[in-house]
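Welcome! Here is a short tour of a protein shown together with DNA. Take a look at the picture first, and then read on.

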Amino acid sequence: MQYWLFKSEPSTWGWGDQVARGDAGEEWDGVRNYQARNFMRNMARGDLGFFYHSQKEKAVVGIVEVCAPAHPDSTTDDDRWACVDIKAVRPFAKPVKLEQIKTHERLGEMVLVKNSRLSVQPVSKDEWLAICALGGTKP
DNA sequence: GCCAACGTTGGC
DNA sequence: GCCAACGTTGGC
């Protein structure tokens with residue numbers, strides 16, 4: 001079981017959209033970055049991830065679960081690109097802001113901070129637990 | 001709205 | 001295979 005983080009611009013696809021898809025989940029499509037794609041190829045059904053709102057909000061807002069392993073991205077004919085399906089699990093009681101993460105003694109080295117442009121990224125178990133605690137949500 | 005950082009493309 | 005030019009992302 002591994003932990004991940006999915007980044008999205010809320011005006012394009014936000015937590016509310018994700019929740020509306022219910023248990024059917026939704027393709028995390030449109031990723032055109034090899035690093036992000038490779039992480040998705042390494043995901044397994046049942047892995048958990050944070051759902052992060054970029055741009056204006058800059059906060060982790062909820063937890064999602066990988067409900068289908070990597071498969072071809074249906075939004076392109078280019079077979080280089082793959083994506084997983086994810087479904088919403090539960091929201092955070094309190095969104096965890098990027099600013100909190102940057103100043104937290106154990107979270108300053110997160111990929112989210114160090115490589116802010118990567119849209120799909122791994123999260124360590126320690127990071128997972130710390131952010132869930134900040135969010136007021138069980139891991 | 002700006003700009004730094006990064007990834008990709010294409011000419012050589 | 002290198003590297004300059006360009007496009008995109010996302011924090012500020």
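Two strands count as paired if DSSP finds at least two bridges between them. With that in mind, serine 8 stands opposite histidine 53 in β3. Please remember that this is a predicted model. The UniProt record, an unreviewed entry, lists residues 2–133 as "domain: EVE". Between the end C-alpha atoms of residues 2–133 there are 18 Å, and the span is 25% helix and 36% strand.

**The sheet**

- Six strands make up an open sheet with mixed pairing, and their order is β2-β5-β4-β3-β1-β6.
- At the edges are β2 (26–27) and β6 (120–123), each of which pairs on one side only.
- As background, strands of a sheet pair through backbone hydrogen bonds, either parallel or antiparallel.
- The strands β2 and β5 (residues 82–97) run antiparallel and are joined by two bridges. Here glutamate 27 has aspartate 85 in β5 as its bridge partner.

**Strand β1 and its neighbours**

- Is β1 largely enclosed or open? Five of its six residues are buried, so β1 is largely enclosed by the rest of the structure.
- With β3, strand β1 pairs in the parallel sense over six bridges.
- With β6, strand β1 runs antiparallel, and four bridges join the two. Tryptophan 4 stands opposite proline 122 in β6.

**Helix α5 and cysteine 132**

- Helix α5 lies across β1 (3–8), β3 (48–53), β4 (59–72), β5 and β6, and it runs at about 45 degrees to β5.
- Cysteine 132 has its place in this helix, which covers residues 125–135.
- Why does cysteine 132 count as partly exposed? It has 19 other C-beta atoms within 10 Å, and a residue is buried only if there are 20 or more.
- Leaving aside residues up to four places away in sequence, cysteine 132 touches Thr137, Lys138 and Pro139.
- The C-alpha atoms of cysteine 132 and threonine 75 are separated by 32 Å, and these residues are 57 residues apart along the chain.

**Around the DNA**

- Which residues surround DNA strand C? They are Lys7, Glu9, Ser54, Gln55, Lys58, Leu98, Ser116, Arg117 and Ser119.
- By class, the surface near DNA strand C has one nonpolar, four polar and four charged residues.
- Around DNA strand B are Asn33, Tyr34, Gln35, Asn115 and Arg117.
- The surface near DNA strand B divides into one nonpolar, three polar and one charged residue.

Key
Residues are numbered from 1 along each chain as its sequence is written. Chains are lettered from A and ligands numbered from 1 in the order in which they are written. This is a predicted model: local features need pLDDT of at least 70, side-chain atom pairs count only at pLDDT 80 or more; totals for chains, interfaces and linings use all residues. A residue is near a molecule or strand if its C-beta atom, placed from the backbone, lies within 6 Å of it. Ala, Val, Leu, Ile, Met, Phe, Trp, Tyr, Cys and Pro count as nonpolar, Asp, Glu, Lys and Arg as charged, and the others, Gly among them, as polar. UniProt positions are given in the numbering used here, feature names are shortened, and annotations may be inferred rather than shown by experiment. A residue is buried if 20 or more other C-beta atoms lie within 10 Å of its own, exposed if 12 or fewer, and partly exposed in between; C-beta atoms are placed from the backbone. Two residues are in contact if their C-beta atoms, placed from the backbone, lie within 7 Å. Axes are lines fitted to C-alpha atoms, for helices over the stretch in contact, and angles run from 0 to 180 degrees between N-to-C directions.
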